[in-house]
Amino acid sequence: MKNLIIASTSTLHGGEYLEYLLPELKKHFEYCKTILFIPFARPSGISHQEYTFKVASAFAKIGKEIKGIHEVDDYSDAIQKAEGIFTGGGNTFLLVTQLYKKDCMIALAEAVKNGTPYLGTSAGSNICGLTMQTTNDMPIVYPPSFKTLGLIPFNLNPHYLDADMQSKHMGETRETRIAEFHSFNTIPVLGLREGSWLEVKGEKVVLKGGLKARLFRQNQIPVEIDSESDLSFLK
């Protein structure tokens, strides 16, 4: 049975890395001594080693050890044998490119579908959807495919921001960009605000956290989704 936490962000304003999620993660990874960390998204270009150290420092607070996937020889084997898996945020184009390059996209999808507890934040959440096409990231590298893990039957827009009506900025809003996506695609998109996450248990998907999410569907007016709502109806 699938068992995932899919979070909009790793860090809330004024908080430390993963701080707001640690109580949930303690329960989520209760039966895991060691968690396999996938650092491929490399936020701000940090190294895999630096990123893994940052994650290890956070998980040490709940008594969990972290093993960076870059430290092993066989990535697919490590994924298959992992007690739990965390894919961190950063650049989704880079993350997806590396997952395909290292030939472990399918292994990751299969492991999570078979019940390995999974945490994704930001880019690591983007890849849980059907495609990565609703990411906010710059295309710094060229992935072999936009297709991702397909662990939930819709796409995400993490770090979703509402339009600031007082701003003089003339660039596209998130809502505009998602509307552009829906000019060519029928996949629903959930705008996940920072501080919110999805809890996936089997085929049940529930919005968690104190904020609403914004749901976009092709040719429909966007709607606000309350926390604790069941999103399993989305297809």
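**Core and sheet**

Modeller: This is a predicted model. In it, L99 touches I38, F40, C104, M105, L108 and I127, leaving aside residues up to four places away in sequence.

Biologist: What makes these count as touching L99?

Modeller: Contact needs heavy atoms within 4.5 Å. L99 is listed with I38, F40, C104, M105, L108 and I127 as touching, so these pairs meet that cut-off.

Biologist: Which residues have the most contacts inside the largest nonpolar core?

Modeller: L99 is one of them, with I79, I85, L108, L190 and L198. That core has 44 residues. Helix α5, residues 105-113, gives the most to it: 6 residues. A second, separate core has 21 residues, including C32, I62, I66 and L119.

Biologist: Why is the set of 44 residues called a nonpolar core?

Modeller: Because its members must be buried residues of the nonpolar kinds, joined through side-chain atoms within 4.5 Å. In soluble globular proteins, nonpolar side chains tend to be buried together.

Biologist: What is the strand order in the open sheet?

Modeller: β3-β2-β4-β5-β1-β8-β9, 7 strands with mixed pairing.

Biologist: Why do β3 and β9 stand at the edges?

Modeller: β3 (65-68) and β9 (204-208) each have a single partner strand, so one side of each lacks a neighbour in the sheet.

Biologist: How do you know that β2 and β4 pair?

Modeller: Pairing takes at least two bridges. Strands β2 (34-38) and β4 (85-87) are joined by 3, so they pair, and they run parallel. L36 stands opposite I85 in β4. Helix α2 (48-59) packs on the sheet, touching β2, β3, β4 and β5.

Terms used
Residues numbered from 1 in each chain as written. Predicted model: local features only at pLDDT ≥ 70, side-chain atom pairs only at ≥ 80, totals over all residues. Heavy atoms only, no water. Buried < 20%, exposed > 50% of the residue type's maximum accessible area, 1.4 Å probe, protein only. Helix = DSSP H or I, 4+ residues; strand = E, 2+ residues; numbered from the N terminus. Axes fitted to C-alpha atoms, helices over the stretch in contact; angles between N-to-C directions.
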